[in-house]
Every structure is written in structure tokens, then in C-alpha cells.
Amino acid sequence: MEHLSFEFDGGPNAPKSGKPYSVAGVVSSSNLEVLAQPKDLGGKVRFEVNTTVAHFEDAWRAVFADFVERSQPRDVLFSINDFAAIPPVVSLRLDQAWEALA
Amino acid sequence: MKLTPRISFYEASARQRVAGILDPGSFREILPPTEQRISPHLGMFGAPVAFDDGVVAGEGTLDGKEVYIFAQEGKFRGGSLGEVHAAKITGLLRRAAIRKPAAVIGLFDSGGVRLEEANAGEIGSTEIMRAILEVQRAGVPVIGLLGGSCGCFGGSGITSSCCDALIASEEARLSVSGPEVIETVMGVEAFDSHDRALVWRTTGGKNRFLFGKVVTLVDDHIPAFRAAASALIKPSEPLTVASLRAERARLAKRIDEYGSCTDARQIWQKMGLDADRVPDMTAAELTAAKPA
Amino acid sequence: MSSPDKVARRKEKLDRVAKVFGPSKVIPAERTVEFLELILSPGDRVVHEGDNQKQGDFLAEKLAQVDPKKVNGLKLAVSCIGLPEHLDLFENGIAEVVDFAYAGPQGGRLAELVGNGTVKIGAVHTYVELYARYFAELRPDVACLVAIDADAEGNLYTGSNTEETPALVEATAFGGGIVVVQANKLTDNLRRVDIPGEWVDFVIESPKPFHLEALFTKDPALLDETRILMAMMAMKAIYQKYLPKVLNHGVGFNTAAIELLLPTYGEELGLKGKACTHWALNPHPTMIPAIESGFVEAIACIGGEVGMEDYVASKPDIFPLGRDGSLRSNRFYGQMAGHFADMFVGATLQIDPFGNSSTVTADRLAGFGGAPNFGAENRARRHLSEAFLRAGAEAHAGEYMPQGRKLVVQMVETFQGANNPTFVERLEAWDAMKTAGFAVPPVMIYGDDVSHIVTEEGVANLLLCRTMEEREQAVRGVAGFTPVGLKRDHAMVANLRDRGIIQRAEDLGIRKSDVSRDRLAARNIHDLVRWSGGLYNPPSRFRNW
């Protein structure tokens, strides 16, 4: 089990739904759960990852960077439990969790 | 032939099921994922954890009636009963015994006790059983819903059997030992766990319904589960010596009638049903055809 | 017309058989090996009937048992190297060279045997290409074919899975060769004559029915949200834009998702009646909801599909049925129908940055089957259609001579599995070229034939790319988090996106939260049975009720 933490400068979109959190996905093989919560991070976005597959820090960073660039969120904490999901599935879950919160 | 779209219970996540069973927006979760009460055991095995430990529990309303609800997530470690998982269900049930909502609704989707925390899970499942009995003694019915991808086996197979009533879809499976366990112990000639049709006609929702274990058979459609659950909300029948004797007599009669059968099809035939047709019948068709 | 030598050789062989077995066309199954040794001469070209669906397994088994001292140096020709016996022929010293189109399950062993020199490959073909060559320079000396029923005169009923039998029998019977058929049953009452007895020399009743693979049965339960997202993007960006009327779908799950979304999302997009009306396709079970919803006018069947017989028979307007009411497929004609269609949508194992794709990898010589015919820009097409003209207007904008263009869509997930990217800098086909001694890499579909690539990341329209550099960035721009995708030029990709050459889900107005299995017209095989009104009868391994 590896724990990774990433922080990015956010964009203009703060969560507006008023929901305390949203969840996308389930922790099953090749899948993951993404828990998104509004959090005052001074405009930043944070990602906390627990993953069963070690040594993929660069891939995670690339997926998160792409997501932040696409969706321009700010002040959100994404907490992730990963069970060996491939990058496109991670992207999809991030989008789903964010769409439910934004 | 056009098929009416369905909102599948089988495919939905535990969260989606809860949202679909309760009145919209009424759910208040206890220990939501943001609390991150994860399993203290899984990490030691390098196994992934879930923020809700594979069970969603809380309160809400169903057709305006106050209900407590828990739903196991069959896709997380086979919906297995771990320490936290079981404690969340037990806690909810004990609260129900005190607060007395109109009903507790349990959505079972579990292969049984979690391998990595077997001792805690076994204790947990007995605690759930005891808590169900306490809730029922308080007059609150416990209604079980079966129809998830994992089926309902092992510890969950036993606890679900303590419910006042079970609702199931054809896709549901209910038993104590899972098909693979039976095959391992008894041999493939006794039970071939890869024969999907055999597994379903033995442990599946239709057979359990015909046997009287399941009260209401529904199609795999969340609104159908919701309507069936709402219809079954009524005070729990007290457990008495007389009711236990009646149940014993029912089971004895069942063995007399079907004890010699070696396949569910023979039982259906004895019941006067067309055994070849049963697998293709809808819930409504089979309900109409079921002998009284 | 055949050469005098060949005619003489044929007569000599027939005389040999008559001396041992008498004048009957019927050969007893238990003497098949002895019989084969009489009609085979060293160096003969033997066509064995077997594609990715039906396989003449009995004759293959017996062929592998002939005495290599009597029969050797055979040149085997088979559409699909689908049976272990096909390769046993080489290990046993009976055959030397193979011409084929597809090797599916035997692809790994084939690569090994080619590597150690046991098997020589004539060429890897497309189906149509191989059939065509049987009439020209690859004329068969002996054809070992397959039928459901045969009578003593050699008349054959080949039924739903007629597939390639007509092409093989014609090339052989009219090319001076000998036609041998394994039939499931000998009977006096054929339900219909698919092949006249005059073209058939010998029939053998096989001890058990020939193998038939349920290749086109895709369980909707296995379609995940990623595939549904890709299907929705493809339908919006391509189906709705070009409105292809005549099309072919590959075997995979990505196109199965589209088929199951036609009655729901396709209806929302207004495709009904305007697109997807005519198909070159096997009777895919996943097409049942679209057929029942009135999307489909006709399907040219390349083959049959196990379990679809009764459903197909109930739709005489849509499927090609004989006077007896059962399906008659034809692989040669069906492939040609797909070749001249508006659109092909398929998948592959590897794509390079220029859009070249191949299913051949270093350790698997899988071959291509029909994809190169379906998935090739068709320079022979002259009839026009809306889709053909719209695609042509994009591909040939500003050129002196206006012309149409076929749509060739590759739909792939960026990864085949963890650490196994679909997008690669260099196709393994280059390595396979060396191993097999080919002069050029075995490419399935060339990049300049591809019009669109669809991945989870988006849709790339290669028709609008004007330079190789643009095409490369368009491919990298949808290659996701694969090494090929990570090497993209971000500024160029942004520019391609501004010009609509790359479209993401959000550019197409598709929200990820809308991507759900709830949109599928059928969630599982049981739903397909319900849609069919109980007429579809899936094989038991697809049942769980």
C-alpha cells in the first residue's frame, strides 16, 4: 500500500452544489473510490491517494494535472482509495465526483 | 418486443440503492465516508480499504414513514463483514431498538465474513443477529432486500434469515455455504459451481420464493424493491413458542414433501409448475403461478 | 478451365479411390485417413474450411493423421488457423507452407513455429483476398469442406453458417480440384440445397457436429462505463454528424455498446431512419434491441451466430433467408458489402502515432481476418451517399477533383490492461516482420485509411489533418496517459481542439455523470432474450438464469 499526496494551484471554480461531499466509484478490482469534499485550501486543490500499486507517482500526477486543467476547480480535497485502476478510469471517476459537487 | 427500461438493483452501488429506496433527499448517513472509519485490519495485508468499510448506514423516510437502512456494498471485498462494517450495522440496529422507527431495511449483498478479519467478523455477525432480535422485540420489523451482485452467503446468509420478511429478485442468491465452498467440500459431481443455471435455480431468488423463504419476488428494478418494502412495513410479529413450533412444522412438512428431490426442477414439477418455464417467467408471472 | 496436367491428376486420384471404395460418393468415416492418403499427392495445395466461426474439425483431425511418408510438402490454405491440428500438420511433416487470414487462438504457437522454421508463411491475407487468390494463383488441388447435411449425391445444406463454403467449392470444383465434405448428417431429405451435388466429389458423415464458435455473442453485462462513454462520443461526433446508412461493426465490445445504445441514445440523437439502416454484419445478439426498435432495414450476413436461428427466421425482411426459412450467409459477399459500405468501426491491439494499427504482436501472429477490407478507404467506390460525400468534403477540401471518402473508425481504449498501452511509438509488427521474414510489417489498417480514432479521452478526426505532423498530434491528443499520449505537444493539441479536429466529451456536451449503464437497451443476455420475445436461445455458458 502506498500513500501519495499532491497539491495543485486551482482555477476559478469553487464547489457550488452545497453538498458536504460526493463519492464516485467503488473500491473493487481495477476500480477506485473518489471522495470529493469542499475544503478551504486557499484556492488550491489537494489529492490524497491510497493505492495498492506502488511506483506510479508520475502517472497520478499527470492524471491530476490533466483533470485540474480541464475542470479548473479550487478549494476541493479529493481522497482516493485505489485498487489498481488504469488512468482513464481514474479520470472518469474524478470527473464524476467533481460534477456531483460543482 | 420493446423492453421497459429498468433501474437495476443488481448493478447499482450500495449508495445508489439507498438513494433509490428512500424518499428523495431524505437520507441522513451515520458515519459517512468523510469520517473515514476504515478497517483497522486490511492495511496489514496490503489490501485496499474503503472509506465506509463497504456498508452505508443511516436514517430516512420511505413513503413518509421513518425507517433505518443499511446497505452492503457487494463490490468492495465481496460485501464482506469486517469489524467496522459489522459494528456499523449493529449500532444502527441497537439505535433502532431504542428509537423505534417504522422499520429497519437491510440491503444484503455479501459473501460472508471477511477473510482478513475473520474473528472480528464472526463476532460481528452474531452481534448483528442478536441486535435484529432486539429490534424485533421492540416491535420494529426488519425487512431484508436481496438482489445484489454478490448474493447473500455465510454470515450474511444467516443474519438475513433472522429478518421478518425478505424481498428478492430473480438475480438474488441466498444460502449459507456459497457454491464454490460446496463444490470444494462435496466435489464437482455434487455441485458444479460453474454451472450458472444450476447455481441460480438452487440458491436463486425464484427458488427461495417458491420455497417460502422470500415473501415478495420482484423484477430487478429499484422502484419495485421500494414498493415491495413499503408494503411490508407493519409491526414485527413477536417470537413465541407457538410461532417457533409452527415454523418447525412447516420445515418438517417441506422435508416430507421434497426431501427426495435432487434438483430444484423436480421440486417445481412437484409443485405443479412447468419447470422449463420457471426460469423465463417474470416476477409477476411466477407470483401468479405459485401454489398457495 | 484447368490445366491438362491437373485434369489428369484428378482423374488418376478418382480412379484410385473408386478401386478401393467403389463408385459411391459416400466415404465411411472410420476409413477417412486411408481415403485422404489416396486423394492427396505430395506438394498438393489443400484448402481446409475453417474460419473464426465454423471449423471442419473432423477432417482436420484426420488430415493430421495421414502418413507423412505418403503425403508431405502440402501447401495448406485456411481462413483461420483455429485448430491445433492445423499446426500439427507442420510438426508431423505433412505440410510446409500456410496461407491464411487469421490465426486467433493459435497465434502464439504459430509465431513459435514460424520462428523455429517449422512453418513457412505464404502470406497473411484478408478473407476476400484469400478467396480471390483461390480462383487465380492459389487454385486448390483438394478442398476439405463443411456442411450441416448432405445426401448421397453430394448435395449440401450449409445453412446459417454457409459463410465461405460457396467460394471454396467454386474455386475447387471449377479449378480441377477434388471437393471432400464432412457433413453432420447424411440424409435423403435436405431442407434446401446450398451447394449442388455436381460440384462435390465425396461426403463423409462426421461422428460429431462440426465446431461452431459463438464469436459474435457479447454479454452486455461486461460493458463498463468507459465503453459507454466512448460509444456516446462516437455516436455524437461521427454517427450523428455523417449519418452513415450502410455500415459494418467489428466483433468487439466497443461496437456492442453502440448497438445497445441505438434504441436509447441513438433515438435521442435522431439517428433512427437517418443512419444505421443497412448493415454488413453477422446476426449480433446485441443488435436485437435496435432491430426491435425499428432502426434496421436489412443486414447482409457474413456468417450466422449460435442461438440466433429462430430470431433470424422471424425477421424475413431483415435477414437473408432461404425458401426453407433459415438464414443463408455468405462471407465473400458479406465482406464485399462491408467493403463498399459508408463506414467501418472496429478495434485493434496497437496503434502508432501515425494511426497505423495492427493486431500482430511480437509473440502472436494473430492475422487480420476481414478488418483490412472493411477498414480500408475504398478507391473503387463510385456510388454516392450523404456520409460518403460529407467525409469526402472534409478529406479532399480544396483539391482539384472532388471525391467521396469512406469512414474508417478505430475505437480503442488507451490501455489493453494495466501497463499494456494500446498506443505505442512503434508497432510490434516491425518485430514480427523480422521473425516471420516478411518484407514489410504486417499492418492491419494503414494510418491514411483511418478517418477517426475514438478513445476514452475523445475523438480525433484525421480527415481534417493536413500534414503528417497534425495527424501525429491528433493521435497523441487522444492517446490519454500512455507514453504516446504524454509526449503530445500541448499547444498543437489545443489548436487541434479549437479547430474541432480533436473533440472531448465536454466539447460534445456529454457529462461524465450521464455515462451510465442505465442507458443500455439491454443489460445482460437475459434482457436480449426478453427483447427477442424468447426467440433468441443463447448457449448455456451465457446463461445465469
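These legends go with several close-up views of a predicted complex.

The model is a prediction, so local features are kept at pLDDT of at least 70 and side-chain atom pairs at pLDDT 80 or more, while totals for chains, interfaces and linings use all residues. Residues count from 1 along each chain as its sequence is written, with chains lettered from A and ligands numbered from 1 in the order in which they are written.

**View 1. Chain A as a whole.** Chain A has two helices and five strands; these are DSSP runs (helices H or I, at least four residues; strands E, at least two), numbered from the N terminus. Along the sequence they come in the pattern β-β-β-β-α-β-α. The radius of gyration of chain A, 12 Å, is close to the 13 Å of the globule rule for 102 residues, so chain A is as compact as a globular protein of that length. That radius is taken over C-alpha atoms, and the rule is 2.2 Å times the number of residues to the power 0.38. The C-alpha trace spans about 30 × 25 × 20 Å along its principal axes.

**View 2. Strand β5(A) and its partners.** Seven of the eight residues of β5(A) are buried, so the strand is largely enclosed by the rest of the structure. Buried here stands for 20 or more other C-beta atoms within 10 Å of a residue's own, exposed for 12 or fewer, and partly exposed for anything in between, with C-beta atoms placed from the backbone. β3(A) and β5(A) run antiparallel and are joined by eight bridges; pairing takes at least two DSSP bridges. Across that pair, A:N31 sits opposite A:F83. β4(A), residues 44-51, pairs with β5(A) in the parallel sense over seven bridges, and A:N50 stands opposite A:N81.

**View 3. Where chain A meets chain B.** The contact takes 15 residues from chain A and 14 residues from chain B, a contact being two residues with backbone-placed C-beta atoms within 7 Å. On the chain A side, β3 (31-38) and β5 (76-83) each supply at least two residues. By class, that side has eight nonpolar, five polar and two charged residues. Nonpolar covers Ala, Val, Leu, Ile, Met, Phe, Trp, Tyr, Cys and Pro; charged covers Asp, Glu, Lys and Arg; the others, Gly among them, are polar.

**View 4. B:G74 in its loop.** B:G74 lies between β3 (65-72) and α2 (83-99) of chain B. It has 26 C-beta neighbours inside 10 Å, so B:G74 counts as buried. Leaving out residues up to four places away in sequence, B:G74 touches B:G79, B:D109, B:S110, B:G148, B:S149 and B:C150. B:G151 is 77 residues away in sequence, yet its C-alpha is 8.0 Å from that of B:G74. For context, chain B has 11 helices and seven strands, and 49% of its 292 residues count as buried.

**View 5. Helix α4 of chain C.** In α4(C), residues 84-91, the buried residues are C:E85, C:H86, C:L87, C:L89 and C:F90. What covers them includes α3 (57-63), β4 (74-80), β5 (95-102) and α5 (107-115) of chain C. Just after the helix, C:G93 takes a positive phi of about 75°. Chain C averages a pLDDT of 95, and 99% of the residues score at least 70; pLDDT is the predictor's confidence in each residue, from 0 to 100. For the complex, the predictor gives an ipTM of 0.93 and a pTM of 0.93.
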